[in-house]
Amino acid sequence: MKIGTQSLSRIALGACLAMSSLSTAWNVQAAVNVDDVDIAVKAAMKAFNIPGIAIGVVENGKVVMAKGYGVTHLETQAPVNENTLFGIASNSKAFTATALAMLVDEGKLNWDDKVIQHLPEFQLADPYVTREMTIRDLLSHRSGLGLGAGDLMIWPDTNKSMKDILAGLKYLKPVSSFRTQYAYNNLMFVTAGEVVARVSGKPWAEFIETRILAPLKMNNSHAGFSRIPKTNKNFATGHVPYEGKLHPFFVDYLEDFQGAGAIASSAKDMSQWLLTQLSHGVAPSGERIFTEEQQQQLWQPHIMRTVSQRDFESTKRHFVGYGLGFAMEDYFGLKKLGHGGGILGMVSHVAIIPEKQLGVVILSNQQAYPALAAIANEVFEDALKLEDRDWVSELSTSYKEKKQKAYSALLPKPIDVAQASLPTEFYTGTLKSDWYGDVVIEELDKTLRIDFTHTPLLKGMLQHRSGHTFLVKWDQPLLEAEAFITFEVDENQKVTGAKMRSVNNDITDFSFDFHDLDLKAK
């Protein structure tokens with residue numbers, strides 16, 4: 001812990017971030033030191049500049065902590081409590097995998113069923129992969145597609161349907177051989193959500209709510225922001241740090257991600273999810289939701305990842321793998337499972353140590369993910385009798401150093417006298433990506449503009465850099481997704497296509513996969 005040199009008053013965030021602890025349950029027999037956790041949360045909020053956090057901790061079959069801290073929105077100042085809804089983002093993936101496990105239990109599918117058995121229209125670029133891709137493959141990030149490939153079909157919010165998304169998959173180019181490399185991919189989980197719908201006869205959201213959330217008494221949770229009752233105003237808004245200040249920035253909790261990231265939940269409700277996972281599929285009510293046999297499938301590695309020396313030195317991590325909707329690693333000699341989730345301005349963290357019947361969920365309305373990892377480490381420190389460390393200080397220092405390095409690498413401002421190689425009107429027209437669709441370049445008031453026609457947030461201006469390359473400055477700077485676009489021009493000085501890439505991958509979220517676009521002039 002090692003935060004004791006600061007008094008509680010010094011690390012408190014003040015009245016503007018008042019802490020709510022309504023309906024908190026305590027288990028006096030727990031090894032988790034809730035006082036230390038409380039201090040760590042407040043320290044993390046201060047160190048990482050976080051408006052609001054909610055945390056749930058379970059141990060030995062009981063909820064030992066369910067609390068809210070700070071505010072849901074800097075302007076409204078509404079307090080966070082244990083029932084405040086956050087977008088859990090990619091922690092939704094475990095729910096989708098569990099839904100499929102339930103269907104396996106019911107004999108309606110098998111993990112090694114081919115995807116085309118249930119989605120005949122499913123098609124990837126490689127006919128062999130299309131034919132051989134299984135349900136297990138969808139859930140373990142081993143498709144051969146690259147990190148975040150195709151995410152621009154669902155992020156930021158688009159008008160594309162499930163039919164559109166499935167039709168676009170065949171145009172995404174693989175970056176590795178099938179089943180050989182781990183590469184995180186959301187669209188395979190979106191596809192898995194559609195498998196749930198086809199096999200069960202219920203839309204993914206309805207299945208999640210009626211077959212999982214309801215039996216677990218996760219009564220405040222919903223499988224999509226639009227499904228939250230209009231009367232419920234107790235939800236968090238994300239906050240993006242930009243130019244030294246926090247800016248509230250609302251997004252719909254990844255509604256388009258469906259099976260990959262759409263669920264809205266709270267610390268109290270997610271504690272029920274942790275208890276069910278730790279009891280091998282038995283809900284707190286005593287109802288069995290899925291079998292232990294299927295949980296073994298969810299919790300065993302199906303693809304491995306490389307472990308850095310820094311990871312080993314930090315938590316004695318020897319391996320990192322991915323199961324079915326769950327990441328896994330060894331943590332000071334124990335198996336740890338869980339996942340992270342991220343939206344612009346909002347992150348979530350789930351960590352489970354089955355051998356100790358211990359689990360934690362942390363939800364935040366600011367995107368500094370290491371803050372959540374630091375709090376989770378503090379939860380485990382006393383429970384596992386680990387070396388006393390100031391995780392908040394360690395991770396905040398490294399996080400700030402990394403951010404400072406990333407921002408210092410940004411480009412200088414364009415030179416005012418720079419001129420395009422061709423008159424601006426030569427670059428206007430419609431470009432098309434086979435998997436995304438139309439991207440329009442037009443001239444308005446002597447300025448080149450870009451419009452991703454399926455994505456309202458992706459509209460901006462082009463600033464010339466050199467040759468046929470321009471810098472894309474989005475109208476919404478909080479996206480932090482500046483990109484280059486380089487036009488391809490033939491011998492007749494006619495634009496035939498364009499390539500794009502992010503300016504700084506350490507700042508821009510990987511779901512802005514501009515590099516996967518292959519834009520051709522229409």
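Is Tyr322 buried or exposed, and at what relative accessibility? Select Tyr322: at 1% relative accessibility, Tyr322 counts as buried (buried is under 20% relative accessible area, exposed over 50%, partly exposed in between, with a 1.4 Å probe and protein chains only).

Before you click on: this is a predicted model, where local features need pLDDT of at least 70, side-chain atom pairs count only at pLDDT 80 or more, and totals for chains, interfaces and linings use all residues. Residues are numbered from 1 along each chain as its sequence is written, and side-chain values use heavy atoms, with hydrogens and water left out.

Now for the rings. Searching the whole structure turns up 21 aromatic pairs (Phe, Tyr and Trp rings, the six-membered one for Trp, with centres within 6.5 Å; planes under 30 degrees apart are stacked, over 60 edge-to-face, the rest tilted). Tyr182 is in the loop between helix H7 (162-168) and helix H8 (186-200) and Tyr322 in strand E8 (residues 320-322), so the pair ties together parts 140 residues apart in sequence (helices, H or I, of at least four residues and strands, E, of at least two are DSSP runs, numbered from the N terminus).

Next, pick Tyr427 and Phe487, whose ring centres sit 5.0 Å apart with planes at 45°, so this pair is tilted. Tyr427 counts as buried at 2% relative accessibility, and Phe487 counts as buried at 3%.

Then select Trp155, Phe257, Tyr436, Phe452, Trp474, Phe512 and Phe514, a cluster linked by ring pairs.

Last stop: Arg389, whose charged end sits over the ring of Trp391, 3.9 Å from its centre (CZ of Arg or NZ of Lys within 6 Å of the ring centre and within 35 degrees of the ring normal).
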